[in-house]
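Subject: Structure handover

Hi there,

I am passing the structure on to you with this email, and my notes follow below it. Please have a look at it in your viewer while you read.

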Amino acid sequence: MTDNQTSDGRRQTSEYVELHCHSAYSLLDGAALPETLIERAAELGYSALALTDHDELGGVVRFAQAADERGIRAIIGAELTYSAGAPRRIRSSSSQLIRAAGAAENVNPRAERAAEYHIVLLAQDREGYGNLSTLITLGRSKTRGEPCVDLETLARHAKGLFALTGCPRGLVPSLAASGDVDAACDATATLLDIFDRRVAIECWDHGLPEEHRTSQTLIAVARALDIPWVVTNDVHYARARDRMVHDVLACLKHKRTLDDMGTRLRPNAEWYLKSAAQMKRRWQHAPTGITNTLAIAERCQFRMAHVVPTLPAFPLPPGVSPDEYLERLVEQGARERWPENMDGGRTAEHDRQLAHELQVIRTLRLAGFFLIMWDIVRFARRRGILCQGRGSAANSAVCFCLGITAVDPIKLGLLFERFLSEERTEAPDIDVDFAHEEREHVIQYVYEKYGRDHAAMVCEQITWKSRSAVRDAARVLGFSVQQADRLATLADRHSARETAAALRGEAAAFSAGPPGRMKYSAVPSERIPRSSSPLIRAAGAAENVNPAPKAPAENNLLYLAGLDASDKRVQLLADLVGGLHQLPRHRSIHVGGFVLTKEPLATIVPIEPASMKDRTVIQWEKDDLDPMRLVKIDLLGLGMLTLLQKCITYVRKTRGVTVDLAQLDMADQAVFDDMCNADTIGVFQIESRAQMNTLPRLKPRTFYDLVVEVALIRPGPIQGDMVHPYLRRRAGIEPVTYPHPSLEPILKRTLGVPLFQEQGMQVAIVAAGFTPGEADILRKAMGHKRSHERMAAICQKLIEGMKRNGIAEDIALRIYHQINAFADYGFPESHAASFALLVYASAYLKHYYAPEFTAALLNSQPMGFYAPGTIIEDAKRHGVKVRAINVLRSGWDHSLEGRGRRSREERGDPPPSSLLPPPSVRLGLRLVKGLGSKAREIFEVARSDGPFTSVEDFVQRTRFDRRSLRHLAMAGAFDGFLKTEPDLKKRRSALWEVLDAARGDAGPLAPRSNSRSARSAAEHVNPRAERAAENTSERQGARLPAMSPGELTEADYRMTGVSLNGHPMAHLRALLAPNGVLTTAQIARARDGDRVAVAGLVICRQRPGTAKGFVFLTLEDEVGLVNVVITPQRFERQALLISTTPLLLVRGVLQIEQRVVNVRAERFRGLQAELGAEYAKSHDFH
Amino acid sequence: MTVAEAHALCATLEVLPWDDAVVHAAIATATARFVGVSPQVSPVAGTPGMWWIGASGFAVGSHSAGGRGEASFAAGLLVAARDWHPRARIAIADTCIAARAATWSGASFDQAATMRSPLTIIPAGGDAEYLASAPLTLLPMDAEMRDALRALGVRTVGQFADLSASDVEQRWGDDGLATWRLAHGDDPRRPVLARLDEPPHVEMELAAPAATMEPVLFLVRPAVERLVTHLVSESRAIAALAITLTLDDARGALPTAQAHTVTREIRLPRPLARAAPLFERCRGLLSRWELSASVTAVRLTVVLTAPFTGEQGHLLDTSWRDPGAADAALERVRVELGPDVVVKPMSRDGYALERSGNWSEETDSYSAAASPRMQFSAGASRRILSSSSQLIRAEGTAENAFRLLDPPEHIDVDDPDAPRRMRWRGRAMSIIQSVGPERLSGDWWKDGFSRDYWRCERDDDAGELVLYRDAAGWWVQGWYD
């Protein structure tokens, strides 16, 4: 019997330890999250539990964390796949055992041929863990998705590991099942040699007689070799009812429906985590196997806390320490940033701050980390890659001096402790954005510099979200793809669990928001530890719970999807969707997270090749890094930096002007005028519907206003009800007040409303007496989804601290709520400031260099919020001349065509740039659908040989396929060859020529020479038909009907997604206007409260998690944009129409508040018109 | 649409399997009706429900068909067609494509659906003109060509027809040209004579009306032999045979009426060229035929023939098997024991015993005969407990065929942990050895099950019983012979 101390001091005892347990990290073969397994183990009174996922350690950190919280010893292991030489001839009964007992492990016929087996390995000590991680790394390094190590590799890395012979797919069990006891003994003896007798035979009983018989043989083998045998339940899910989810996962793995799975599914639901009593009862005839589990658990003393990674040493000049070197670099940088004897130059305050920061860095031994970051940024700069630090690093004057960040933290009064403090247990977070198209160079530089054994990217575990869960569950149940898609569209919520609730028709689901980002889904009330304090419980009830609208009487979603709710499968759908909630689905690469270690990284965490070429990833996510004290550096790609880089280049080329972003006039009111007018399409961060709605109210006039604007429209401030108070105070509608006088210095610059994470921390320092480090711990605890206990304790401390300082309880609760709301989902002020720089720079360029900005924005796609069509419409509204795609003039990218500059330069008399006419934007071939990178290469090579002379010349030189050529013709790219044709006939004539030129051999009626004699010779084939067309054959091109303007627009949208020949709405206006449908311009001139009708192309659909189920649409017509607000009830009623119709007519009531115009929708109607609207991209529910 | 998908839309849906034989039979029946109106009747391949029917010689003003014009001809066809479908439509045109288009669209392509008559007649020589306004979708062509024409603004058949042949061929090759010809009403398809040659047949009158089948059978045997001999001389075998009985009832009493005949057809699994098995099939058919009146004559018609290949031999000769003989033998079994007794096992992968195999009525007889697992009783032979193949021998074989009780029968068992004594069908039995339990559960997405199975050896050495226990008690599900 073992015992263990729980976190609450309770002493736990257990008579059985489960040593073979799979979590959902055994992808598609485990149906429980590590936390769920621990939770269940705690309920069952386990003192220890092993995690043994298939060739995987991805779940071990969260497993260990959850176990620590529950006072359970986490035994770390894995079920490894290994090959044992030549295939053995195992009798059929054995493979049947494998098939039935391990059916859901999905025995791969290929694996059987290659004699691959499973073995359970448990880490006894740190060395064993390192070996386990290395084995998994080696196993996964060969063929992606088919991990396997050979016996020799296993032997080389066996130290510190304890082996169990594994599931029925183990070598020893399969031999035992086949009745070949001698061979089973031999195989066991081999393992005894490899593991130096640290081996136990594993037996199981899932109610299958053949397992029972195999176990008898295995016990006989154990006795013959005098080694222990243990019982496991080969757990694959936490509770018996989770078998359904496991079956679904098995179906997804096999790409089959449940009906087609047959015996590929496990025969019963016995693979769940069982209590010691259950296990003892089942093994009452042989209790040794139960008690032996305790002894093995005792041997496995390794804990994740034993892993202490270190950073690689930065190469330094001889005799110089990292701290000294960093100090020198900072000093050098400080001189450049704050030149002495200048306004805003270096002062004693600067020196004090730098000294403080360097002292903290020295204490935490992080100088090497800063040097690494400096080196990476230096590399980027040398390569001309635009980069800028973001996040809390901008709070550091050291980072500013090193050139990592661009914001002066001293000038802005930013809190360094938000970035780094001695109390912090984890490494600082430095995120650097790079121009996204160039980022790969930086990534490969890091790999090269530190070596792939010491550097790898962080993974991102993609989990089942709302739509994917509905689609997969429906597919597995046998529904069609169309039904599944329809249901997914209708049922779309934040998370799979909320979607399941919606499918059940539960009322709570209606308060939920949109798909995607799970982290925004938690309503504030969920983040308050309800059990921690009656005060907090009261606060949650009083302030945070948003009353949900009443659910309709019937299950609307199923009804709307046309499903029969009385069908059992339809009824099961909700359970399956809920069961998939947050389970890992597949592994992806984190957006930019890198880890570097001094020791081989594979001894800390398994590394595996990523799907992207030349990338390797570790099996841990970013949330796993802090607990493991692994330093992550984020090398992020930012489209806006690419845009700025390109725009600056274009401006230099077209106008001869060099724009220096560091020297911009940051108080240019013309630029701020644009922002106040919400004229911000394409501008960084403030182009979204929500931001554009706020800008006319906030009326930014200074750089700091932009910092506020960036931080304001975030889930944190929105959830914390801070947006409207701030805007009202700014507008002077509401007086500026403070929760407590002591907080005025902290909150003054944000008008008494806390908006930034630093303010939350400072409030904790001032109001509750926290140290800066404690305040940061508070911030982290509030935002950390995995640590509810820690959060409860620190929140209690905060409230008590405020009470001690004389702050009334209700005020303390209010302050707590405000801090809590944006703890994780709000921006740090430094981050907002870094982004605000980019906001201003992009707004500046858009204002003064609109053509270049447009070209850069289009050439940086995909990025931002709007599709090219909307960007071009906006550019045209700003007077930018946009010219159509033309193979005679267009390149692959969009380009700029200037007028006059060259000729004047040639005369040697360049005029001032302001006198030059602005260039026009020539659209590039990249817009044409169906042309990919290969087409680009071909086109550019062909073009380098000189301009094309005709359609036929183009066809001959590029050899594009007929489809691509057709697309080019219909996009108008060949119009330049047909100057004599009327505009409305050019495309069809071009297509007619393309079809002719692109065809291979000629036929009898149409020899390639197309000679009349040849034709007449052939006409006997069908004289009657030929006679009928006799007079027309010479002029076929001319007989093709001209396109209507609507057809031209349709062709544009179909082939390019944009149109220079009129917006689709322009063609419908004549029909709509008599019916009272207004343009967006007319809407803007109407009065608040008017009943209006407006129609347009839906370019954006949003259902933010913070909006209590409200849906927002942006409609685009020929003159502008308008926002539409839809209540949850109205949306539910017509979800499919609203979610899928490209052209929508909306009737409703106009709301105008502080120049912000919205239509509160009441009725909807889809407009059917062949104008290409269905080909326009919309930005939906992102 | 999958069955599951359909059920999701309507839980109470009744699902029937698609039956080619039924469809073919219906087409044949309708074809026979049309043949009564015109000799040229061609069911359109791949389009059940559409026929090309020759209408030559029925033009308006013609008196060759008893004074009927095209309109009355079409009306006659419509009467026959409405037996097929109440909303059947008839169109008369020079070409098949125009006729087909006219059945869709009526007199013109602009006509509203509600205005359309079920009869449309396109004047002779007017097909091209009629088709001109038809949408381009009428013409068969590949997607690339359709897309290209759409992009060129060619929306109607007429616009396409206006293009020159050489231009079309230059861009879309032979296929495009063929389509272009269709657009001009140049359709090579024509209805053909339904059956120009009298099929091989033997017709015999009985000496006296017979109230039983015995005299008929007496005549059928030599008739079958004659037909087989005739066809073998032409290296043909019989694939389908029709037996027509002429009945002596009131319907044939009127002087102008034709005799009342009833025809039934034997479709053979494979062509036969031996009289004996054929006769057995005829005997099987006739023995199930309930007569409503005395038989005065019998006619055997070879409906379908096939090339005669292969050797024939004796059913019981183990060195080779004669499919035809096996079919005949099984037919006799059917005659003796009833129509549903010949079944074959169908294996399905699953854990639930009663769902992992089933018997389906044998239609493809030889394969059933060739199967060593052929049983002459209801019940399934399957891999029983798939995970414990040694416990219960895997595949049902001649040695351990499993007899499934469907539904399982309730029993009383003394010991809930392992059955030792049981009471079944009023009889107490001792179990000398039991192996189990094997826990099987599943099908939770349908009508799920959860059972503990035992395989038990009885004291009477009468085969091993398969018992299971579920929430409702103990059950016998079957036994091994």
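Which residue caps the N-terminal end of α44(A)? The cap is A:Asp961, with a side-chain oxygen lying 3.0 Å from the backbone nitrogen of A:Arg963. Please keep in mind that this is a predicted model.

Helix α44 of chain A covers residues 962-970, and seven of its nine residues are buried, leaving the helix mostly covered. The buried ones are A:Ser964, A:Leu965, A:Arg966, A:His967, A:Leu968, A:Ala969 and A:Met970. What do these buried residues pack against? Within chain A their partners are α43 (951-958), α45 and α49 (1045-1056), and chain B contributes α6 (143-151). After the helix comes A:Gly972, which has a positive phi near 85°.

Next, the pairing with α45. The crossing of α44(A) past α45(A) is right-handed.

Which residues of the two helices meet? From α44(A) come A:Arg962, A:Leu965, A:Arg966, A:Ala969 and A:Met970, and from α45(A) come A:Arg987, A:Ala990, A:Leu991, A:Val994 and A:Leu995. Sorted by class, this contact has seven nonpolar residues, three charged ones and no polar ones. As for the spacing along a helix, an α-helix has 3.6 residues a turn, so residues three or four places apart point the same way.

Is A:Arg655 buried or exposed? Its relative accessible area is 16%, and because buried means under 20%, A:Arg655 counts as buried. The side chain of A:Arg655 makes a polar contact with the side chain of A:Glu852, at 2.5 Å.

Finally, some totals for chain B. Its secondary structure comes to twelve helices and 16 strands, and 46% of its 481 residues are buried. Of the chain B contacts between residues at least 6 apart in sequence, 56% join residues at least 24 apart.

Conventions. Residues are numbered from 1 along each chain as its sequence is written. Chains are lettered from A and ligands numbered from 1 in the order in which they are written. This is a predicted model: local features need pLDDT of at least 70, side-chain atom pairs count only at pLDDT 80 or more; totals for chains, interfaces and linings use all residues. Side-chain values use heavy atoms; hydrogens and water are left out. Buried means under 20% relative accessible area, exposed over 50%, partly exposed in between (1.4 Å probe, protein chains only). A polar contact is a pair of N or O atoms within 3.5 Å; within protein, one must be able to donate a hydrogen and the other to accept it, and residues adjacent in sequence count only if both atoms are side-chain atoms. Axes are lines fitted to C-alpha atoms, for helices over the stretch in contact, and angles run from 0 to 180 degrees between N-to-C directions. Helices (H or I, at least four residues) and strands (E, at least two) are DSSP runs, numbered from the N terminus. A crossing is left-handed if the near helix is turned anticlockwise from the far one by less than a right angle, and right-handed if clockwise. Contact means heavy atoms within 4.5 Å. Ala, Val, Leu, Ile, Met, Phe, Trp, Tyr, Cys and Pro count as nonpolar, Asp, Glu, Lys and Arg as charged, and the others, Gly among them, as polar.
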